Amino acid sequence: MTNDTPSALRELQTALSAPLFAGLPGDIAVSFEFFPPKTEKMEETLWDAIGTLAPLEPSFVSVTYGAGGSTRERTHNTVARIARETSIPAAAHLTCVEASREEVDAVARDYWEAGVRHIVALRGDAPDGPGTRFTPHPQGYENAAALVAGLKRIAPFEISVAAYPECHPDSASLEADLDNLRRKFDAGASRAITQFFFEPDTFFRFRDRAAAAGIDAEIVPGLMPVTSFAAVRRMCSLCGTAIPGWLADLFEGLDDHPAARQLVAATLAAELARRLYAGGVRHFHFYTLNRAELSYAICHLLGMRPGGSAASGAPSKGLAA
């Protein structure tokens, strides 16, 4: 027996006495993003998803807004129905793209009258697609900070805005991107939700840079479970999100195995959330792509249960312990 055997035995005993898996301690909040349905079948899928995730008592759910206002009516109808028929706080996305201030203001007033009190205010993408420069409408809001200020003049909305841990593709630098984020908060934003990313250090470095730039508001990490690696690769190329080599390796060979792909995606997203939790994060925003079961499974792995209860036997401290 070598001199290091006692130490090895202690490590083995510690490993065997620890639970195989432990959820987070029950002090987390989640929110979910959906997109408005295009068909009756998609609408049925969306409402099934909302019904599945509602028992987890999300802080809010948001509904996206198509480029150039292309889903304006569908977004409004979906958000208004959530506000009318459920107890979940509903947030509507609103952009500056191809609309005058008067048109955008009218949409915001319609939301307020429908009982919607939360707006996700975004500049929006150039309507002509990737690689084209965003040009504000001549009578429109020039950027998200101006949109936030305009919304605050209309009503006391709760406002979320976007943040980009790896820098917005249109920004000249990380510093310019942070300056833009600070202007959104100065205009009245309540919180920022980040673009999706795949490594915890990406978020932590961004959070540190934001704090150093004087931003002390809430920054919520946006998590994108990988339902299709090819689709995620396309989205990453548009928004500037880096794809780690290990992520490509994980999903290699799973194109024809959707069930296996979902198992890998759920495990990966839950582990990312657990590591973010260890760094102090307590609110997670999920880009669901209107697929409820995957987001539900991730939340279950994190210890969430219907009715807001934590998993039985969850430890009193999380990964930071």
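The following legends describe close-up views of a predicted model.

**View 1. The edge-to-face pair of Phe-196 and Phe-198.** A pair of aromatic rings is described by the distance of the centres and the angle of the planes. A search of the whole structure finds 6 aromatic pairs. In the pair shown here, the ring centres of Phe-196 and Phe-198 are 5.7 Å apart, and the planes stand at 65°, so the arrangement is edge-to-face. The cut-off behind this assignment is an angle over 60 degrees between the planes. Phe-196 and Phe-198 are both buried.

**View 2. The aromatic cluster of Phe-197, Phe-203 and Phe-204.** These three residues, Phe-197, Phe-203 and Phe-204, belong to one aromatic cluster. Burial applies to Phe-203 and to Phe-204.

**View 3. Arginine side chains placed over tryptophan rings.** The charged end of Arg-81 is positioned over the ring of Trp-47, at 3.9 Å from the ring centre.

**View 4. Buried cysteines Cys-96 and Cys-167.** The relative accessibility of Cys-96 is 1%, and this residue therefore counts as buried. Cys-167 has a relative accessibility of 13% and likewise counts as buried. A search of the whole structure finds 0 disulfides.

**View 5. The crossing of helices α6 and α7.** Helix α6 comprises residues 174-187, and helix α7 comprises residues 200-212. Their axes come within 10 Å and cross at roughly 65°. This angle makes α6 roughly perpendicular to α7. The crossing of the two helices, α6 and α7, is right-handed.

**View 6. The packing of helices α10 and α11, with Gln-262 and Glu-293.** Helix α10 spans residues 258-278, and helix α11 spans residues 292-301. The two helices pack at an angle of about 45°, with 9 Å between their axes. At this angle α10 is oblique to α11. The crossing of α10 and α11 is right-handed. Gln-262 lies in α10 and counts as partly exposed, with 32% relative accessibility. Between Gln-262 and Glu-293 the C-alpha to C-alpha distance is 9.3 Å, although the two residues are 31 residues apart in sequence.

**View 7. Ile-154 in helix α5 and its distance to Ala-106.** Ile-154 is located in helix α5, which covers residues 144-154. The relative accessible area of Ile-154 is 23%, and this residue is accordingly partly exposed. Ile-154 and Ala-106 are separated by 48 residues in sequence, whereas their C-alpha atoms are 9.5 Å apart in space.

**View 8. The packing of helices α3 and α4.** Helix α3 consists of residues 72-85, and helix α4 consists of residues 101-113. The angle between the packed helices is about 20°, and their axes are 10 Å apart. With this angle, α3 is roughly parallel to α4. The cut-off for this class is an angle under 35 degrees. In passing α4, helix α3 makes a right-handed crossing.

**View 9. Positive phi values at Glu-57 and Leu-289.** Glu-57 has a phi near 55°, a positive value in a residue other than glycine. The position of Glu-57 is in the loop between α2 (40-53) and β2 (61-63). Glu-57 has 53% relative accessibility and counts as exposed, because the cut-off for this class is a value over 50%. Leu-289, which is not a glycine either, has a positive phi of about 55°. Leu-289 belongs to the loop between β9 (283-287) and α11. A relative accessibility of 27% places Leu-289 among the partly exposed residues.

Key. Residues are numbered from 1 along each chain as its sequence is written. This is a predicted model: local features need pLDDT of at least 70, side-chain atom pairs count only at pLDDT 80 or more; totals for chains, interfaces and linings use all residues. Side-chain values use heavy atoms; hydrogens and water are left out. Rings of Phe, Tyr and Trp (its six-membered ring) pair if their centres lie within 6.5 Å; planes under 30 degrees apart count as stacked, over 60 as edge-to-face and the rest as tilted. Buried means under 20% relative accessible area, exposed over 50%, partly exposed in between (1.4 Å probe, protein chains only). A charge sits over a ring if NZ of Lys or CZ of Arg is within 6 Å of the ring centre and within 35 degrees of the ring normal. A disulfide is a pair of cysteine sulfur atoms within 2.5 Å. Axes are lines fitted to C-alpha atoms, for helices over the stretch in contact, and angles run from 0 to 180 degrees between N-to-C directions. Helices (H or I, at least four residues) and strands (E, at least two) are DSSP runs, numbered from the N terminus. Angles under 35 degrees count as roughly parallel, over 145 as roughly antiparallel, 65 to 115 as roughly perpendicular and the rest as oblique. A crossing is left-handed if the near helix is turned anticlockwise from the far one by less than a right angle, and right-handed if clockwise.
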